Amino acid sequence: MTWTCDQIEAQLSDYLEGLLQAPERAAFEAHANTCSECAPLLAEVRSLMTELHSMEQVEVPPQLVYSILNKTLGPRETVSGWQAFRKFLAGFATPKFTYGVASVMATLIIVLSASGISLRKPKVADLHPVNVYRNIDRRFHLAKAGTVKYFSDLRVVYEIQSRLRQDQNELQVAPEENAPKTPPEKQNDDHTRVQPKQQNRANELAHQVEMLAAEGPMVFERSFR
Amino acid sequence: MRRHSRRIFNVCYRFVGNRTEAEDISQEVFLRVYRTLGSYRSAHGGFATWMTSVTRNLLIDHYRRTKRDRQTDSLDDAMPVVENKESAARRPDQQALLNELSGQVQSALTRLSPELREAVVLRDLQQLDYAEIQQVLEVPEGTVKSRINRGRIELAKILQQMGVRPS
(Lines give C-alpha, C1' and ligand atoms only; values in the text may rest on other atoms or scores of the structure.)
Protein backbone atom coordinates (compact mmCIF):
# COMPACT_ATOMS: atom_id res chain seq x y z
CA MET A 1 0.00 0.00 0.00
CA THR A 2 1.52 3.32 -0.98
CA TRP A 3 1.35 6.12 1.45
CA THR A 4 0.03 9.58 0.80
CA CYS A 5 1.91 12.80 1.47
CA ASP A 6 -0.33 13.47 4.49
CA GLN A 7 0.56 10.12 5.95
CA ILE A 8 4.23 10.80 5.36
CA GLU A 9 3.94 14.11 7.19
CA ALA A 10 2.11 12.49 10.09
CA GLN A 11 4.73 9.75 10.47
CA LEU A 12 7.75 11.93 9.79
CA SER A 13 8.96 12.19 13.39
CA ASP A 14 8.37 8.54 14.14
CA TYR A 15 10.42 7.63 11.09
CA LEU A 16 13.26 9.96 11.99
CA GLU A 17 13.33 8.67 15.56
CA GLY A 18 13.37 5.05 14.39
CA LEU A 19 9.99 4.20 15.87
CA LEU A 20 8.46 2.66 12.76
CA GLN A 21 8.27 -1.10 12.30
CA ALA A 22 10.07 -2.59 9.30
CA PRO A 23 7.07 -2.86 6.94
CA GLU A 24 5.94 0.68 7.79
CA ARG A 25 9.46 1.96 7.34
CA ALA A 26 9.65 0.34 3.93
CA ALA A 27 6.35 1.89 2.86
CA PHE A 28 7.47 5.27 4.16
CA GLU A 29 10.75 5.20 2.28
CA ALA A 30 9.06 3.95 -0.86
CA HIS A 31 7.02 7.13 -1.04
CA ALA A 32 9.28 9.70 0.62
CA ASN A 33 12.35 8.99 -1.47
CA THR A 34 10.49 9.42 -4.72
CA CYS A 35 7.94 12.15 -3.96
CA SER A 36 9.02 15.63 -5.14
CA GLU A 37 7.44 17.28 -2.09
CA CYS A 38 8.09 14.75 0.62
CA ALA A 39 11.76 14.15 -0.21
CA PRO A 40 12.90 17.77 0.34
CA LEU A 41 10.69 18.06 3.42
CA LEU A 42 12.26 14.93 4.89
CA ALA A 43 15.76 16.25 4.19
CA GLU A 44 15.02 19.63 5.75
CA VAL A 45 13.42 18.26 8.87
CA ARG A 46 16.29 15.81 9.28
CA SER A 47 18.94 18.52 9.09
CA LEU A 48 16.84 20.84 11.27
CA MET A 49 16.76 18.19 14.00
CA THR A 50 20.51 17.79 13.76
CA GLU A 51 20.87 21.55 14.13
CA LEU A 52 18.50 21.71 17.09
CA HIS A 53 20.32 18.88 18.85
CA SER A 54 23.65 20.57 18.43
CA MET A 55 22.52 23.99 19.61
CA GLU A 56 24.43 24.75 22.75
CA GLN A 57 23.02 25.96 26.00
CA VAL A 58 23.21 29.71 26.38
CA GLU A 59 25.20 31.15 29.24
CA VAL A 60 23.23 32.32 32.21
CA PRO A 61 23.74 36.01 32.96
CA PRO A 62 25.84 36.13 36.14
CA GLN A 63 23.57 38.42 38.08
CA LEU A 64 20.60 36.09 37.59
CA VAL A 65 21.56 33.75 40.41
CA TYR A 66 22.08 36.63 42.83
CA SER A 67 18.88 38.37 41.89
CA ILE A 68 17.03 35.07 42.38
CA LEU A 69 18.58 34.67 45.80
CA ASN A 70 17.73 38.26 46.68
CA LYS A 71 14.14 37.82 45.71
CA THR A 72 13.69 34.50 47.47
CA LEU A 73 15.86 34.59 50.56
CA GLY A 74 16.13 38.32 50.92
CA PRO A 75 19.16 40.52 50.39
CA ARG A 76 22.27 39.56 52.32
CA GLU A 77 23.21 41.84 55.14
CA THR A 78 26.49 43.54 54.63
CA VAL A 79 28.29 44.66 57.73
CA SER A 80 31.47 46.60 57.95
CA GLY A 81 33.94 47.83 60.48
CA TRP A 82 33.31 47.00 64.11
CA GLN A 83 30.28 44.88 63.41
CA ALA A 84 32.21 42.69 61.02
CA PHE A 85 34.94 42.20 63.63
CA ARG A 86 32.42 41.30 66.32
CA LYS A 87 30.77 38.79 64.03
CA PHE A 88 34.17 37.33 63.34
CA LEU A 89 34.81 36.95 67.07
CA ALA A 90 31.39 35.42 67.57
CA GLY A 91 32.56 32.62 65.33
CA PHE A 92 34.88 31.52 68.11
CA ALA A 93 32.03 30.93 70.48
CA THR A 94 30.72 27.99 68.52
CA PRO A 95 30.80 24.53 70.15
CA LYS A 96 32.83 23.16 67.29
CA PHE A 97 35.62 25.63 67.90
CA THR A 98 35.60 25.07 71.67
CA TYR A 99 35.83 21.32 71.31
CA GLY A 100 38.64 21.76 68.84
CA VAL A 101 40.59 23.96 71.23
CA ALA A 102 39.96 21.60 74.16
CA SER A 103 41.16 18.56 72.28
CA VAL A 104 44.28 20.35 71.07
CA MET A 105 45.07 21.43 74.65
CA ALA A 106 44.54 17.89 75.92
CA THR A 107 46.89 16.51 73.28
CA LEU A 108 49.53 19.08 74.20
CA ILE A 109 49.29 18.27 77.88
CA ILE A 110 49.62 14.55 77.26
CA VAL A 111 52.57 15.00 74.96
CA LEU A 112 54.29 17.37 77.37
CA SER A 113 53.85 15.12 80.36
CA ALA A 114 55.00 12.08 78.44
CA SER A 115 58.07 13.80 77.20
CA GLY A 116 59.06 14.72 80.73
CA ILE A 117 59.38 18.43 80.16
CA SER A 118 58.82 19.96 83.55
CA LEU A 119 56.33 22.79 83.39
CA ARG A 120 57.70 24.50 86.46
CA LYS A 121 61.35 24.59 85.46
CA PRO A 122 61.49 24.15 81.75
CA LYS A 123 64.94 23.69 80.40
CA VAL A 124 66.08 23.91 76.84
CA ALA A 125 68.00 20.70 77.47
CA ASP A 126 64.66 18.96 77.90
CA LEU A 127 63.98 19.43 74.24
CA HIS A 128 67.10 17.58 73.24
CA PRO A 129 66.13 14.32 71.54
CA VAL A 130 68.37 12.22 73.78
CA ASN A 131 66.74 13.61 76.90
CA VAL A 132 63.30 13.25 75.45
CA TYR A 133 64.01 9.63 74.64
CA ARG A 134 65.40 8.97 78.10
CA ASN A 135 62.43 10.53 79.77
CA ILE A 136 59.94 8.60 77.72
CA ASP A 137 61.88 5.41 78.29
CA ARG A 138 61.98 5.99 82.03
CA ARG A 139 58.31 6.70 82.24
CA PHE A 140 57.46 3.69 80.19
CA HIS A 141 59.44 1.40 82.41
CA LEU A 142 57.97 2.94 85.53
CA ALA A 143 54.52 2.42 84.18
CA LYS A 144 55.31 -1.13 83.17
CA ALA A 145 56.78 -1.95 86.57
CA GLY A 146 53.76 -0.49 88.28
CA THR A 147 51.41 -2.57 86.20
CA VAL A 148 53.36 -5.74 86.74
CA LYS A 149 53.42 -5.13 90.49
CA TYR A 150 49.69 -4.50 90.50
CA PHE A 151 48.95 -7.76 88.79
CA SER A 152 51.33 -9.77 90.88
CA ASP A 153 49.79 -8.25 94.02
CA LEU A 154 46.47 -9.35 92.72
CA ARG A 155 47.81 -12.84 92.27
CA VAL A 156 49.18 -13.01 95.80
CA VAL A 157 45.88 -11.89 97.22
CA TYR A 158 44.07 -14.43 95.10
CA GLU A 159 46.31 -17.27 96.28
CA ILE A 160 45.89 -16.34 99.95
CA GLN A 161 42.16 -16.22 99.49
CA SER A 162 42.05 -19.56 97.77
CA ARG A 163 44.15 -21.16 100.54
CA LEU A 164 41.82 -19.77 103.21
CA ARG A 165 38.84 -21.04 101.29
CA GLN A 166 40.45 -24.44 101.07
CA ASP A 167 41.05 -24.55 104.80
CA GLN A 168 37.49 -23.57 105.52
CA ASN A 169 36.28 -26.36 103.30
CA GLU A 170 38.51 -28.82 105.14
CA LEU A 171 37.16 -27.76 108.52
CA GLN A 172 33.68 -28.48 107.31
CA VAL A 173 34.79 -31.72 105.78
CA ALA A 174 36.51 -32.94 108.94
CA PRO A 175 33.39 -33.09 111.20
CA GLU A 176 31.50 -34.84 108.45
CA GLU A 177 34.24 -37.43 108.17
CA ASN A 178 34.27 -38.11 111.88
CA ALA A 179 30.50 -38.66 112.03
CA PRO A 180 29.47 -42.32 111.64
CA LYS A 181 28.85 -43.15 108.03
CA THR A 182 28.37 -46.41 106.19
CA PRO A 183 29.78 -45.74 102.76
CA PRO A 184 30.33 -48.61 100.38
CA GLU A 185 33.71 -50.24 100.64
CA LYS A 186 34.94 -49.06 97.31
CA GLN A 187 34.34 -45.47 98.18
CA ASN A 188 35.95 -45.91 101.51
CA ASP A 189 39.20 -46.85 99.86
CA ASP A 190 38.95 -43.82 97.58
CA HIS A 191 38.37 -41.59 100.51
CA THR A 192 41.34 -42.82 102.40
CA ARG A 193 43.52 -42.59 99.33
CA VAL A 194 42.40 -39.14 98.16
CA GLN A 195 42.09 -37.42 101.46
CA PRO A 196 44.84 -38.59 103.76
CA LYS A 197 46.71 -35.25 103.64
CA GLN A 198 43.58 -33.20 104.07
CA GLN A 199 42.45 -35.50 106.82
CA ASN A 200 45.73 -35.02 108.68
CA ARG A 201 45.52 -31.27 108.43
CA ALA A 202 41.93 -31.25 109.46
CA ASN A 203 42.78 -33.41 112.45
CA GLU A 204 45.64 -31.09 113.34
CA LEU A 205 43.42 -28.02 113.17
CA ALA A 206 40.71 -29.71 115.17
CA HIS A 207 43.27 -30.68 117.82
CA GLN A 208 44.53 -27.09 118.04
CA VAL A 209 41.01 -25.75 118.37
CA GLU A 210 40.30 -28.21 121.21
CA MET A 211 43.41 -27.14 123.03
CA LEU A 212 42.46 -23.49 122.74
CA ALA A 213 39.03 -24.30 124.01
CA ALA A 214 40.52 -26.09 126.96
CA GLU A 215 42.85 -23.25 127.86
CA GLY A 216 40.23 -20.60 127.32
CA PRO A 217 38.56 -20.65 130.75
CA MET A 218 41.90 -20.71 132.55
CA VAL A 219 43.08 -17.66 130.64
CA PHE A 220 39.82 -16.05 131.37
CA GLU A 221 40.06 -16.75 135.08
CA ARG A 222 43.64 -15.56 135.18
CA SER A 223 42.80 -12.26 133.63
CA PHE A 224 40.26 -11.60 136.34
CA ARG A 225 42.77 -12.00 139.10
CA MET B 1 20.47 25.72 42.12
CA ARG B 2 22.92 26.77 39.44
CA ARG B 3 22.22 23.61 37.51
CA HIS B 4 18.50 24.36 37.59
CA SER B 5 18.94 28.04 36.82
CA ARG B 6 20.95 27.19 33.73
CA ARG B 7 18.33 24.79 32.47
CA ILE B 8 15.38 27.05 33.27
CA PHE B 9 17.04 30.03 31.70
CA ASN B 10 17.68 28.07 28.52
CA VAL B 11 14.08 26.90 28.29
CA CYS B 12 12.87 30.48 28.78
CA TYR B 13 15.36 31.93 26.34
CA ARG B 14 14.59 29.40 23.63
CA PHE B 15 10.91 30.06 24.06
CA VAL B 16 10.90 33.85 24.13
CA GLY B 17 14.05 34.51 22.10
CA ASN B 18 14.95 37.50 24.23
CA ARG B 19 17.56 37.55 27.01
CA THR B 20 15.96 40.20 29.18
CA GLU B 21 12.58 38.60 29.14
CA ALA B 22 14.14 35.20 29.71
CA GLU B 23 15.89 36.57 32.82
CA ASP B 24 12.70 38.05 34.21
CA ILE B 25 10.73 34.88 33.63
CA SER B 26 13.48 32.73 35.16
CA GLN B 27 13.36 34.85 38.31
CA GLU B 28 9.62 34.48 38.38
CA VAL B 29 9.98 30.72 38.10
CA PHE B 30 12.28 30.48 41.10
CA LEU B 31 10.12 32.82 43.11
CA ARG B 32 7.05 30.74 42.35
CA VAL B 33 8.91 27.51 43.15
CA TYR B 34 10.20 28.94 46.41
CA ARG B 35 6.77 30.07 47.46
CA THR B 36 4.89 26.95 46.49
CA LEU B 37 7.45 24.40 47.58
CA GLY B 38 4.99 23.22 50.18
CA SER B 39 2.53 22.14 47.54
CA TYR B 40 5.07 20.05 45.62
CA ARG B 41 4.04 16.41 45.65
CA SER B 42 6.71 13.97 44.61
CA ALA B 43 4.08 11.67 43.14
CA HIS B 44 3.77 14.07 40.24
CA GLY B 45 7.14 13.20 38.77
CA GLY B 46 10.56 14.44 39.71
CA PHE B 47 11.45 17.84 41.05
CA ALA B 48 13.05 18.88 37.76
CA THR B 49 9.88 17.97 35.89
CA TRP B 50 7.86 20.03 38.33
CA MET B 51 10.13 23.01 37.83
CA THR B 52 9.80 22.63 34.06
CA SER B 53 6.04 22.57 34.50
CA VAL B 54 6.10 25.82 36.46
CA THR B 55 8.38 27.34 33.81
CA ARG B 56 6.10 26.31 30.99
CA ASN B 57 3.02 27.73 32.72
CA LEU B 58 4.75 31.06 33.29
CA LEU B 59 5.93 31.13 29.68
CA ILE B 60 2.39 30.60 28.42
CA ASP B 61 1.11 33.31 30.77
CA HIS B 62 3.79 35.64 29.50
CA TYR B 63 2.96 34.81 25.92
CA ARG B 64 -0.72 35.58 26.43
CA ARG B 65 0.10 38.83 28.20
CA THR B 66 2.48 40.10 25.59
CA LYS B 67 0.82 38.71 22.47
CA ARG B 68 -0.79 42.02 21.72
CA ASP B 69 2.31 44.17 21.93
CA ARG B 70 4.80 41.72 20.56
CA GLN B 71 6.99 42.60 17.61
CA THR B 72 7.84 39.74 15.33
CA ASP B 73 11.42 40.81 14.91
CA SER B 74 12.74 42.42 18.07
CA LEU B 75 16.17 44.00 18.27
CA ASP B 76 17.39 41.30 20.62
CA ASP B 77 16.91 38.62 18.02
CA ALA B 78 19.48 40.27 15.82
CA MET B 79 22.07 40.49 18.58
CA PRO B 80 24.65 37.73 18.82
CA VAL B 81 23.83 35.25 21.53
CA VAL B 82 26.52 34.33 24.04
CA GLU B 83 26.83 30.60 23.54
CA ASN B 84 28.59 28.01 25.66
CA LYS B 85 32.28 28.42 26.47
CA GLU B 86 33.02 25.38 24.31
CA SER B 87 32.28 27.47 21.28
CA ALA B 88 35.53 29.34 21.92
CA ALA B 89 37.39 26.24 20.69
CA ARG B 90 35.99 26.56 17.19
CA ARG B 91 37.41 28.65 14.40
CA PRO B 92 35.96 32.13 14.35
CA ASP B 93 34.39 31.80 10.91
CA GLN B 94 32.89 28.43 11.79
CA GLN B 95 31.57 29.88 15.01
CA ALA B 96 30.14 32.89 13.26
CA LEU B 97 28.34 30.61 10.83
CA LEU B 98 26.95 28.49 13.60
CA ASN B 99 25.90 31.53 15.57
CA GLU B 100 24.14 32.93 12.59
CA LEU B 101 22.39 29.66 11.92
CA SER B 102 21.38 29.12 15.49
CA GLY B 103 20.26 32.73 15.65
CA GLN B 104 18.07 32.11 12.64
CA VAL B 105 16.70 28.90 14.10
CA GLN B 106 15.98 30.80 17.29
CA SER B 107 14.23 33.48 15.34
CA ALA B 108 12.20 30.88 13.47
CA LEU B 109 11.28 29.24 16.76
CA THR B 110 9.68 32.39 18.05
CA ARG B 111 7.46 32.39 15.00
CA LEU B 112 5.95 29.05 15.86
CA SER B 113 2.68 28.96 17.70
CA PRO B 114 3.21 28.45 21.45
CA GLU B 115 1.87 24.88 21.61
CA LEU B 116 4.20 23.71 18.86
CA ARG B 117 7.07 25.85 20.13
CA GLU B 118 7.02 24.43 23.65
CA ALA B 119 6.84 20.88 22.31
CA VAL B 120 9.90 21.36 20.09
CA VAL B 121 11.87 23.22 22.79
CA LEU B 122 11.23 20.51 25.37
CA ARG B 123 11.93 17.63 23.01
CA ASP B 124 14.73 18.79 20.74
CA LEU B 125 16.43 21.41 22.91
CA GLN B 126 15.94 20.00 26.39
CA GLN B 127 15.95 16.33 25.34
CA LEU B 128 13.06 15.41 27.62
CA ASP B 129 11.39 12.08 26.95
CA TYR B 130 7.76 11.77 25.94
CA ALA B 131 6.58 10.84 29.42
CA GLU B 132 8.11 13.95 30.98
CA ILE B 133 6.76 16.23 28.29
CA GLN B 134 3.36 14.65 28.83
CA GLN B 135 3.57 15.57 32.52
CA VAL B 136 4.72 19.10 31.84
CA LEU B 137 2.14 19.87 29.14
CA GLU B 138 -0.62 17.80 30.78
CA VAL B 139 -1.82 16.37 27.47
CA PRO B 140 -1.96 12.76 26.24
CA GLU B 141 1.13 11.22 24.68
CA GLY B 142 -0.46 11.12 21.24
CA THR B 143 -0.96 14.88 21.40
CA VAL B 144 2.64 15.36 22.50
CA LYS B 145 3.95 13.37 19.55
CA SER B 146 1.75 15.09 17.01
CA ARG B 147 2.68 18.55 18.33
CA ILE B 148 6.37 17.75 18.15
CA ASN B 149 5.97 16.44 14.63
CA ARG B 150 3.98 19.40 13.41
CA GLY B 151 6.33 21.78 15.20
CA ARG B 152 9.35 20.38 13.41
CA ILE B 153 7.67 20.48 10.04
CA GLU B 154 6.44 24.04 10.56
CA LEU B 155 9.88 25.12 11.72
CA ALA B 156 11.50 23.63 8.63
CA LYS B 157 9.00 25.46 6.45
CA ILE B 158 9.62 28.76 8.23
CA LEU B 159 13.35 28.38 7.80
CA GLN B 160 12.84 27.66 4.14
CA GLN B 161 10.77 30.81 3.80
CA MET B 162 13.52 32.78 5.55
CA GLY B 163 15.89 31.48 2.92
CA VAL B 164 17.96 29.50 5.38
CA ARG B 165 19.22 26.07 4.45
CA PRO B 166 20.27 24.25 7.63
CA SER B 167 23.50 22.40 6.82
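Helices (H or I, at least four residues) and strands (E, at least two) are DSSP runs, numbered from the N terminus. Residues are numbered from 1 along each chain as its sequence is written, and chains are lettered from A, with ligands numbered from 1, in the order in which they are written. The model is predicted: local features need pLDDT of at least 70, side-chain atom pairs count only at pLDDT 80 or more, and totals for chains, interfaces and linings use all residues.

**View 1. B:M162 in the segment after α8 (141–161) of chain B.** B:M162 has 13 C-beta neighbours inside 10 Å and therefore counts as partly exposed (buried means 20 or more other C-beta atoms within 10 Å, exposed 12 or fewer, partly exposed in between, with C-beta atoms placed from the backbone). Leaving aside neighbours within four places in sequence, B:M162 is in contact with B:Q104 and B:A108 (contact means C-beta atoms, placed from the backbone, within 7 Å). The C-alpha atoms of B:M162 and B:A108 are 8.2 Å apart, although 54 residues separate the two in sequence.

**View 2. Helix α6 (residues 114–125) of chain B.** This helix is largely enclosed by the rest of the structure because 10 of its 12 residues are buried. Among them are B:L116, B:V120 and B:R123. The cover over the buried residues includes α3 (38–54) of chain A, along with α1 (2–16), α3 (47–66), α5 (92–109), α7 (130–137) and α8 of chain B. Just after α6(B), B:Q127 has a positive phi of about 55 degrees.

**View 3. Contact between chains A and B.** Chain A contributes 26 residues and chain B 34 residues. On the chain A side, α1 (5–16), α3 and α4 (62–73) each supply at least two residues. The most comes from α3(A), with nine residues. By class, this side of chain A has 14 nonpolar, six polar and six charged residues (Ala, Val, Leu, Ile, Met, Phe, Trp, Tyr, Cys and Pro count as nonpolar, Asp, Glu, Lys and Arg as charged, and the others, Gly among them, as polar). For the complex, the predictor gives an ipTM of 0.79 and a pTM of 0.56.

**View 4. Surroundings of B:C12 in the largest nonpolar core.** This core has 50 residues, and B:C12 and B:L155 have the most contacts inside it (a nonpolar core is a set of buried Ala, Val, Leu, Ile, Met, Phe, Trp, Tyr and Cys residues joined through C-beta atoms within 7 Å). The most is given by α1(B), with seven residues. Not counting residues up to four places away in sequence, B:C12 touches B:A22, B:I25, B:S26, B:T55 and B:L59.

Definitions and conventions. Two residues are in contact if their C-beta atoms, placed from the backbone, lie within 7 Å.
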